[in-house]
Amino acid sequence: KGTAAEQYAAKATLSSVLRKNLATLLDVDYRIKDTGDGALIAFTSSPEHALYMALAIAEDFGQAAGAAGFPSNRLRTGLHLGSVKESTDLEARPNFVGDGINAAKRIMDFAEPGQITASRAFFEAVGSLDSAYAELFRHIGAPDDKHGRAHELYAVAPSAAVLQKLYPKFGPYKQTG
């Protein structure tokens, strides 16, 4: 939503923030696909990568949006752990299919503007790795999606402390402010 100029500025800002933060990972650790008004990122080696990226992108996008003069609270992020297969689309470009992609999209659709939501599968995988990670997650219910499938949802609170904790693992993210 918003004017064409706001949409363009938001997409350019998101692209810049994604490039900056994805540069901290190895190319083999993720696959990315432009979705028009956002991006799909499939992480191949660790769910911590997804948590790191969600927290880093939320912080960086908010700061960049404020500097650019457009609302920063529109970014919605969904985190899920599930089956994904890389395929080739009709234009011979890499694409992703599978229930993991479908569920991640539904998890994101439940997010309010400015919110990070996660599935129970993601919470269980990441929350068991570190108690500081687990503390970020707040259960918010199990709504049904448009297909009648229930999704156990968690809101993920932004955390500069957890972002800094993840920093040594994923490199040159530097906290500002």
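Biologist: At what angle do helix α2 and helix α4 pack, and how far apart are their axes?

Modeller: In this predicted model, where local features need pLDDT of at least 70 and side-chain atom pairs count only at pLDDT 80 or more, helix α2 (residues 47-68) and helix α4 (residues 120-127) pack at about 105°, with axes 9 Å apart. Residues are numbered from 1 along each chain as its sequence is written, and side-chain values use heavy atoms, leaving out hydrogens and water.

Biologist: Why is α2 called roughly perpendicular to α4?

Modeller: Angles of 65 to 115 degrees count as roughly perpendicular, and the angle here is about 105°, so α2 is roughly perpendicular to α4.

Biologist: Which residues make the contact?

Modeller: With contact meaning heavy atoms within 4.5 Å, P47, A50 and L51 of α2 meet F122, A125 and V126 of α4.

Biologist: What makes the pair of F122 and F137 an aromatic pair, and why is it called tilted?

Modeller: Rings of Phe, Tyr and Trp (its six-membered ring) pair if their centres lie within 6.5 Å, and planes under 30 degrees apart count as stacked, over 60 as edge-to-face and the rest as tilted. The centres of F122 and F137 are 6.3 Å apart with 45° between the planes, so the two form an aromatic pair that is tilted.

Biologist: Why does this pair tie together parts that are apart in sequence?

Modeller: F122 lies in helix α4 and F137 in strand β7 (residues 137-141), so the parts tied together are 15 residues apart in sequence.

Note on methods
Axes fitted to C-alpha atoms, helices over the stretch in contact; angles between N-to-C directions. Helix = DSSP H or I, 4+ residues; strand = E, 2+ residues; numbered from the N terminus. Parallel < 35°, antiparallel > 145°, perpendicular 65-115°, else oblique.
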